[in-house]
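Biologist: I would like to go through this model before I plan anything. Please show it, and then take my questions in turn.

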Amino acid sequence: MEIPFRLVDVFTPVPMSGNQLCVVPDPIDLNGSTMQALAKEIGFSETTFVTEAEGDRYAMRIFTPDAELPFAGHPTLGTAFVLVSEGRVTSPGTQRTTAGEVPVEVDVASNSAWMTQLPVVFGRVFEDRALIARAIGLEPDDLVSELPVQTVTTGLLWTIVPVRDGARLGRAQRDGRALGEVAAISGDEGLYLFAVTGGGVTARMFDAGHGIGEDPATGSAAGPLGAYLAEHHLAGMPGSILVRQGERVGRPSELLVEVRGERSGGWRVRVGGGVHVVGSGAFRL
């Protein structure tokens with residue numbers, strides 16, 4: 001049995017950078033355990049499996065090497081780009097995952113895509129800042145004392161951690177055991193560290209246990225970060241901002257985040273970036 005796939009770089013203006021993605025675009029009858037095994041085999045942070053595609057709508061499942069996710073950022077943009085560029089669906093369109101429906105827009109000519117993320121929900125403020133600091137290999141004083149460490153979701157729950165400056169952010173180191181302790185308390189997917197830097201924001205993501213470690217670009221966390229920045233009027237937000245990520249893992253990434261206030265209250269979040277199909281092949285089972 002052959003299962004065709006595409007290799008895609010997401011959140012980058014050029015190929016061979018950004019976050020890597022494997023897309024299985026044909027709706028093939030595979031069970032979840034086979035999907036999980038293929039995601040582990042390819043070894044990227046996420047692999048997507050399209051289960052339906054017609055008109056301007058498609059559905060998919062998302063797997064890390066260790067688990068299935070209800071939603072994720074660069075898999076959304078990368079899968080949408082593959083399907084639109086191959087004429088399988090039209091743009092603008094709608095993506096369906098277990099988290100819900102997400103509007104997507106693809107511009108094949110400019111190698112770019114955007115998604116409007118699910119409604120913003122602000123969660124608990126994490127009071128144990130010493131544990132947070134231990135989880136990222138820093139001291140409590142390295143965090144911005146005036147800002148909360150807080151969970152935020154637009155589809156996946158992330159704990160947003162404000163770091164004082166880019167130098168401290170660069171020194172951060174992932175402590176898997178402490179990250180597990182944080183996740184047990186907050187229920188989050190991991191920590192999204194940020195520092196306001198020249199021309200925007202620099203961020204790093206440490207996962208709590210999906211086999212990723214540090215992610216090069218995390219669209220599902222950049223949206224919540226944008227809402228957090230808007231809520232606290234940081235870095236010129238609400239509005240538009242460039243989030244840089246991935247330098248520490250050798251995959252520089254650029255995530256574009258737009259946040260606008262809703263008339264009914266709350267925030268509307270869009271996340272976009274460059275997308276490049278860099279290869280194709282087939283799994284053989």
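Biologist: How many helices and strands are in the protein?
Modeller: This is a predicted model, in which local features need pLDDT of at least 70, side-chain atom pairs count only at pLDDT 80 or more, and totals for chains, interfaces and linings use all residues. Residues are numbered from 1 along each chain as its sequence is written, and side-chain values use heavy atoms, with hydrogens and water left out. Helices (H or I, at least four residues) and strands (E, at least two) are DSSP runs, numbered from the N terminus. The protein has six helices and 17 strands.

Biologist: What is the radius of gyration of the protein?
Modeller: It is taken over C-alpha atoms, and the globule rule is 2.2 Å times the number of residues to the power 0.38. For 285 residues that rule gives 19 Å, and the protein comes close to it, so it is as compact as a globular protein of that length. The radius of gyration is 18 Å.

Biologist: What share of the contacts with a separation of 6 or more comes from residues 24 or more positions apart?
Modeller: A contact means heavy atoms within 4.5 Å. Residues 24 or more positions apart account for 65%.

Biologist: How are the rings of Phe49 and Phe63 arranged, and what kind of pair is that?
Modeller: Rings of Phe, Tyr and Trp (its six-membered ring) pair if their centres lie within 6.5 Å; planes under 30 degrees apart count as stacked, over 60 as edge-to-face and the rest as tilted. By this rule there are three aromatic pairs. The centres of Phe49 and Phe63 are 5.8 Å apart and the planes are at 85 degrees, so the pair is edge-to-face.

Biologist: Where in the chain do Phe49 and Phe63 sit?
Modeller: Both Phe49 and Phe63 are buried. The pair links distant parts of the chain, 14 residues apart. Phe49 is in strand S3 (residues 46–54) and Phe63 in strand S4 (residues 57–63).

Biologist: What kind of pair do the rings of Phe194 and Tyr228 form?
Modeller: Phe194 and Tyr228 are both buried. Their ring centres are 5.7 Å apart and the planes are at 70 degrees, so the pair is edge-to-face.

Biologist: Which residue does a cis peptide bond join to Met237?
Modeller: Omega of this bond is about 5 degrees.

Biologist: Is His233 buried or exposed?
Modeller: His233 lies in the loop between H6 and S15. His233 has a positive phi of about 55 degrees, although it is not a glycine. Its relative accessibility is 59%, so His233 counts as exposed.

Biologist: What is the relative accessibility of Ala235?
Modeller: Ala235 is in the loop between H6 and S15. Its phi is positive, near 55 degrees, in a residue other than glycine. Ala235 counts as partly exposed, at 32%.

Conventions: Buried < 20%, exposed > 50% of the residue type's maximum accessible area, 1.4 Å probe, protein only.
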